[in-house]
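Dear colleague,

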Amino acid sequence: MKKRSTGEMLSQSIIVILMLLLCLSVLYPFAYMLSISLNEGTDAAKGGVYLWPRAFTLINYEIVLGNEVIQHAYLITIARTVLGTIAGLLVTLMVAFGLSYQRIPFRKSILSYILITMLFSGGLVPLYIQLYNLGLINNFMVYIIPGLFSAWNMFVMLKFIQGIPEALIESAELDGAGPFRILIQIIVPLSKPMLAAIGLFTAVGHWNDWFAGAFYVTEQNLIPVQTFLQQLLSAQDMSAILGSNSNQEALARGSQMQNVTLMSIKMATVMVSAIPILCVYPFLQKYFVKGVLIGSVKG
């Protein structure tokens with residue numbers, strides 16, 4: 001084994017230290033918010049709570065998870081994430097598969113048109129007018145339909161599909177397989193890493209999106225949890241966002257609610273909104289890494 005020089009060892013040590021500092025800079029805010037959410041609000045307001053709770057309590061999570069407004073917001077977020085991810089992958093994959101055929105009419109013109117949409121956009125006002133004319137304002141489908149197709153994801157899928165040996169598709173066509181059968185039985189099984197990586201990106205985008213709920217929805221029963229969180233972070237008191245339930249909970253819990261502050265509720269809401277999507281990463285990590293590498297090589 002070749003012995004490393006002093007310069008190589010020094011450079012490796014610097015890289016390790018920098019990566020550790022980067023990890024700490026990412027993990028510390030998460031640990032801080034977790035400690036505040038598990039601490040009594042009035043005690044945390046005194047300061048000195050950084051990495052672990054000083055006065056441990058679960059009252060903040062009981063209030064957040066027991067509130068009907070937050071529960072409904074979670075249902076909206078889960079529904080839009082599941083439906084939006086599945087529908088977005090399906091539509092984008094079908095477009096990429098269709099454009100992978102070299103003999104399709106006007107193929108280059110269609111690809112050029114799709115590419116233009118990546119470079120230019122009409123802006124927020126024309127988009128709002130279009131959504132209004134389509135009847136999507138204050139409609140759950142405003143979370144699904146505008147995100148059905150992604151030009152960037154389509155080009156990634158297209159490059160991946162073009163990398164699949166043509167002999168497989170030609171042999172299936174000789175056996176009498178149609179386009180949909182080829183898509184389902186050949187393209188999809190071979191594209192699992194790519195679909196997992198793009199699906200993860202799409203799901204995270206749907207889960208973290210607060211913009212659509214803030215600008216295209218005015219009815220409180222249609223807002224997702226991230227929009228609710230954005231409203232909560234800018235609120236001055238809990239009753240303005242949580243509604244009358246917060247006052248009822250205060251009367252029911254009595255002395256426990258005296259130790260709850262708006263900041264502790266905010267931190268608990270942040271944690272509850274972030275943890276579910278973080279739990280998805282370990283299950284898709286192997287597909288995610290492989291899919292990203294394949295896309296980077298073949299793109």
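What follows is a short account of helix contacts, a salt bridge and a surface patch.

Please keep in mind throughout that this is a predicted model.

I begin with helix H9, which spans residues 179-190 and whose axis comes within 5 Å of the axis of helix H10, residues 192-208, the two crossing at roughly 70°. That angle makes H9 roughly perpendicular to H10. On the H9 side the contact involves Val188, Pro189 and Leu190, which meet Lys192, Pro193 and Leu195 of H10. Sorted by class, this contact has 5 nonpolar residues, 1 charged residue and no polar ones.

H9 also meets helix H4, residues 68-99, and here the axes come within 11 Å and cross at roughly 105°. An angle from 65 to 115 degrees counts as roughly perpendicular, and H4 and H9 are therefore roughly perpendicular to each other. From H4, the residues Leu93, Met94 and Phe97 touch Pro179, Phe180, Ile182, Leu183, Ile187 and Val188 in H9. The contact of H4 with H9 has 9 nonpolar residues, with no polar and no charged residues.

Turning to charged pairs, the structure holds 3 salt bridges. One of them joins aspartate 43 to arginine 54, with the closest N and O atoms 2.9 Å apart. Because aspartate 43 lies in helix H2 (residues 41-44) and arginine 54 in the loop between H2 and helix H3 (59-66), the pair ties together parts that are 11 residues apart in sequence.

Finally, there is a nonpolar patch on the surface, formed by Leu10, Ile14, Ile17, Leu18, Leu21 and Leu24, which together have about 600 Å² of accessible area. Of these residues, leucine 21 is found in helix H1, residues 6-37.

Note on methods: Residues numbered from 1 in each chain as written. Predicted model: local features only at pLDDT ≥ 70, side-chain atom pairs only at ≥ 80, totals over all residues. Heavy atoms only, no water. Patch = residues over 30% accessible without salt bridge, like charges linked within 9 Å, V, L, I, M, F, W, Y side chains within 5 Å. Areas by Shrake-Rupley, 256 points an atom, 1.4 Å probe, with all protein chains shown as cover. Salt bridge = Lys/Arg side-chain N within 4 Å of Asp/Glu carboxyl O. Helix = DSSP H or I, 4+ residues; strand = E, 2+ residues; numbered from the N terminus. Axes fitted to C-alpha atoms, helices over the stretch in contact; angles between N-to-C directions. Parallel < 35°, antiparallel > 145°, perpendicular 65-115°, else oblique. Contact = heavy atoms within 4.5 Å. Nonpolar A, V, L, I, M, F, W, Y, C, P; charged D, E, K, R; others polar.
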